[in-house]
Every structure is written in structure tokens, then in C-alpha cells.
Amino acid sequence: MTLQELPTPCYVVEEGLIEENLKILRGVAERTGARILLAQKAFSMYALYPLIGRYLSGATASGLYEARLCAEEMAAPLALEGKACENHIFSPAYAEKDFAEILQYCDHLVFNSWNQVKKYGKRAKAAGKCIGLRINPECSTQEGHAIYDPCAPGSRLGVTREEFEKVFMEEREGIMPKGLHKLLDGLHFHTLCEQDSDALEETLEAVEKNFRAYLGNIKWINFGGGHHITRKGYDISRLEKCIRRMQELYGLTVYLEPGEAVALNAGFLVASVLETVYNGKNIAILDTSAACHMPDVLEMPYRPPLESSGEPGEKPFTYRLGGPTCLAGDVIGDYSFDRPLKEGDRLIFGDMAIYSMVKNNTFNGMPLPSIVLRDKTGEYRIWKTFGYGDFKERL
Ligand SMILES: *Cc1c(COP(=O)(O)O)cnc(C)c1O
């Protein structure tokens with residue numbers, strides 16, 4: 001099957017490109033001894049979990065279902081190869097009804113408040129698990145993207161220094177059980193989004209300033225995700241300096257849990273032109289939707305890269321590209337082309353492996369794009385197709 005023959009719309013994930021990212025990440029792990037996990041929320045195409053698990057130390061989950069997916073699709077196949085796979089989880093609040101099952105799958109559980117440690121910590125420790133607390137270093141290093149900034153004022157993510165230190169007084173006063181804080185094996189922070197290691201360095205300074213007294217009492221620290229390690233120009237040596245600092249000063253095992261960096265620029269969304277219309281400008285309507293198939297284009301927002309296209313006006317024919325839904329704002333962006341677009345033309349949007357198939361939806365009854373795996377020989381294999389049933393069954 002060739003690219004031209006693939007059904008559209010479809011996500012194409014390239015195994016070879018994923019593996020290139022994995023080699024970069026494994027390099028960091030091998031040089032420093034840090035442990036790197038896949039954050040499944042960015043990329044959960046489990047056809048590639050065995051490959052990912054061979055390069056990384058495991059995966060992390062945002063809840064029960066991702067934890068189960070890691071257990072079934074990464075840990076189980078790797079166990080057959082005799083390889084270990086760590087299964088971590090963080091949730092802002094765990095539901096009682098999920099907890100017993102989470103304990104079956106996960107070896108590391110990260111909590112978001114002392115009260116959650118009080119509620120679940122002893123059970124987790126009794127089951128032989130490592131437990132951690134997510135801290136909020138109160139150090140914003142990103143501008144403009146408050147919805148991606150866990151350090152923004154009023155954030156519910158992570159315990160601030162003030163809340164962290166309350167536990168010592170509350171233990172003394174009997175409000176919290178004595179020794180509660182001693183249950184912790186590690187601390188976790190996640191504050192970055194598509195950032196370089198200078199932002200990590202700044203964040204670590206805040207972590208040390210606010211939590212130094214506690215760093216000597218734990219075994220590990222998790223730097224979260226948002227490290228754009230596989231992006232061209234990312235400063236890997238500074239990242240490794242940050243890792244070594246925590247290892248050498250405090251004797252800590254360092255975890256990183258990137259999502260984006262694992263599958264960055266490793267996938268495409270192939271779409272077809274359905275129709276062109278004119279309203280003061282040329283507009284092409286595609287069989288893919290920003291709202292349904294690439295929601296981050298509207299949420300972030302950003303203009304995705306598109307093969308063989310230019311900025312508006314750069315090439316002779318400029319079009320606004322939009323989806324077939326009813327949403328007026330279902331617009332992917334303005335692009336220019338060497339030739340006029342016509343029905344049936346194929347367009348290839350870049351960097352569509354991450355935060356795409358994990359976030360898509362069937363608003364307007366839109367069909368979900370097929371998922372195609374391009375293996376290392378260059379062969380295209382249709383991994384999943386979706387139909388009417390996938391729309392109907394959720395309603
Ligand atoms: C989102 C998230 C990640 C992964 O972030 P990326 O930006 O995809 O690298 C890791 N850990 C936690 C707790 C997250 O919420």
C-alpha cells in the first residue's frame with residue numbers, strides 16, 4: 001500500500017521516527033542513570049508499546065485505564081522477554097472504587113495532597129508500592145499558556161511549600177496521623193510544556209529552595225514531562241547536569257516522564273480536499289476537522305505544519321483550510337500552495353502522533369481517522385479503522 005492509497009483521514013505513525021526519538025532518550029538514561037517513562041496521555045498507540053518499553057524504563061498513567069493499558073500492552077509483552085517495566089501513576093484525586101485495581105497494576109503511585117496520602121498511603125505501602133507526593137514549586141516558566149501552567153495562581157496541581165509544611169504541625173497536633181510524612185519515598189513535580197532545559201534548571205532551583213530540607217529524606221524525584229528533549233537544538237547537556245545535580249547532592253534516583261518527546265514529529269495526519277469555496281479568500285474544506293481530529297490546534301492554539309505548503313501569500317495560491325463540521329471556527333489555518341487545490345488532493349499535516357488520537361472525538365458524528373503504522377521497511381499497515389459503531393456506542 002502506498003501513501004496515495006491510504007484511506008483518509010488517517011493518522012500515520014512512523015516506527016522508524018519513534019525509534020530515533022527513543023534512541024535519544026535512551027542516551028540520556030544511559031549516560032546519567034536517570035529512568036525515563038512514557039507519559040501515555042500524549043501517545044497511547046499501544047502497537048508500539050513493546051518497542052517503547054525496550055528503550056525506556058516503563059510508562060506513567062493519568063488514571064486507571066492508562067495504567068491498565070501499560071500493564072497489558074507494555075509490561076506483559078516485556079515480561080515475556082524477561083525485561084522489567086515500571087508502571088507509575090499520578091492523579092489529582094483517586095477514586096476509592098478504582099484504587100484496588102490501580103494497586104494491581106502500578107508500582108509507583110503519586111498523590112496530589114497530604115489528605116490523599118492519608119487516605120491511600122498505608123494501603124499502597126502495605127502492598128509494597130513506592131509512593132510520592134506531587135509538589136508545586138510555584139515557579140512559572142512559560143508565558144501565555146495558563147491552561148498548561150500547573151504553577152499558575154490557584155492551580156490544583158501539586159502541594160505548595162506552605163501546604164507541604166503544614167503536615168508537620170498537623171502531625172504534632174494529632175490532626176494528621178503521626179509519621180504520615182515518613183510514608184513518602186519520592187517527590188514529583190510537573191511544570192513544563194514543550195520547554196528546554198533552562199526552564200528545568202530554573203524550576204529545580206525553586207524546588208531546592210522550597211523543599212531542600214526534605215530532599216535528603218527521600219529516594220527519588222520525578223521531573224515530570226514537558227521536556228522537549230527530542231526537538232532539534234534542545235540542550236541535552238544541561239538536562240544531564242540537572243539530573244546529576246540531584247543524584248550527587250541528594251543521592252536521588254531521577255525520573256523523567258516525557259510524553260511529547262517520545263513521539264515528537266513521528267506521525268502525520270493525511271487528509272483529502274472535499275470541496276473549495278470562496279468568501280473573500282479561497283477556502284478548502286477537508287475530510288479532517290481541527291475540532292475533532294487535532295483539537296490542540298484550537299485549544300493551544302497553533303498552526304500545524306503542512307507538507308509542501310508555505311505561509312499565506314508565500315506561494316501563488318493561498319487557502320484557508322477547514323473541517324466539515326458545523327463549527328464556524330473549525331479552521332486549521334491559512335497556507336499557500338504552488339497549484340490551486342482541487343477535490344481529491346491529499347494534504348499531509350506534520351507532528352500528528354502526539355495529543356491527536358488520544359484526544360479526538362466524534363462531534364457532529366465525524367468519523368475517527370484510521371490509524372496506520374509505517375514500519376521500518378517503509379510498509380504501511382492499517383492498524384485500526386473506525387466506523388459508525390464507534391460514534392453510536394458512546395452515546
Ligand atoms: C502531561 C504530563 C506529562 C507529559 O507531558 P509532555 O508535555 O507530553 O512531555 C508528564 N507528567 C505529567 C504529570 C503530566 O501531566
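Predicted model: local features only at pLDDT ≥ 70, side-chain atom pairs only at ≥ 80, totals over all residues.
Where is asparagine 364 found?

1. Asparagine 364 sits in the loop between strand S14 (346–350) and strand S15 (370–374). Its backbone is worth a look: asparagine 364 has a positive phi of about 70°, although it is not a glycine. Because its relative accessibility is 39%, asparagine 364 counts as partly exposed.

2. You will find asparagine 265 in the loop between H9 and strand S10 (267–278). Asparagine 265 is not a glycine, yet has a positive phi, in this case about 55°. With 47% relative accessibility, asparagine 265 counts as partly exposed.

3. Now turn to the ligand. There are 13 residues around the ligand, and those that come nearest are Lys41, Gly226, Glu257, Gly259 and Tyr355. Glycine 226 brings a backbone N or O atom to 2.8 Å from an oxygen atom of the ligand. Glutamate 257 takes part through its side chain, where an N or O atom is 2.7 Å from a nitrogen atom of the ligand. For glycine 259, a backbone N or O atom lies 2.8 Å from an oxygen atom of the ligand. On its own the ligand has 380 Å² of accessible area, and the protein covers 88% of that.

4. Glutamate 260 belongs to helix H9 (residues 260–263). Its relative accessible area is 14%, so glutamate 260 is buried, the cut-off being under 20%. Leaving out residues up to four places away in sequence, glutamate 260 touches Ala42, Glu194, His228, Ile354 and Tyr355. With histidine 228 there is a polar contact of 2.8 Å between the two side chains.

5. Have a look at aspartate 330 too, in the loop between strand S12 (317–322) and strand S13 (331–337). Aspartate 330 is buried but has no salt bridge, and the nearest side chain of opposite charge, that of arginine 320, is 11 Å away. What the side chain of aspartate 330 does reach is the backbone nitrogen of alanine 290, at 2.7 Å. It also makes a polar contact of 2.6 Å with the side chain of threonine 325.

6. Finally, two peptide bonds deserve a check by eye. Threonine 8 and proline 9 are joined by a cis peptide bond, with omega about -5°, and proline 9 is in the segment before strand S1 (10–14). Methionine 300 and proline 301 are also joined by a cis peptide bond, with omega about -20°. Proline 301 has its place in the loop between helix H11 (296–299) and S12.

Key
Residues numbered from 1 in each chain as written. Heavy atoms only, no water. Helix = DSSP H or I, 4+ residues; strand = E, 2+ residues; numbered from the N terminus. Buried < 20%, exposed > 50% of the residue type's maximum accessible area, 1.4 Å probe, protein only. Lys, Arg positive; Asp, Glu negative; His and termini not counted. Salt bridge = Lys/Arg side-chain N within 4 Å of Asp/Glu carboxyl O. Polar contact = N/O pair within 3.5 Å; in protein donor to acceptor, adjacent residues only side chain to side chain. Near = heavy atom within 4 Å. Areas by Shrake-Rupley, 256 points an atom, 1.4 Å probe, with all protein chains shown as cover. Contact = heavy atoms within 4.5 Å.
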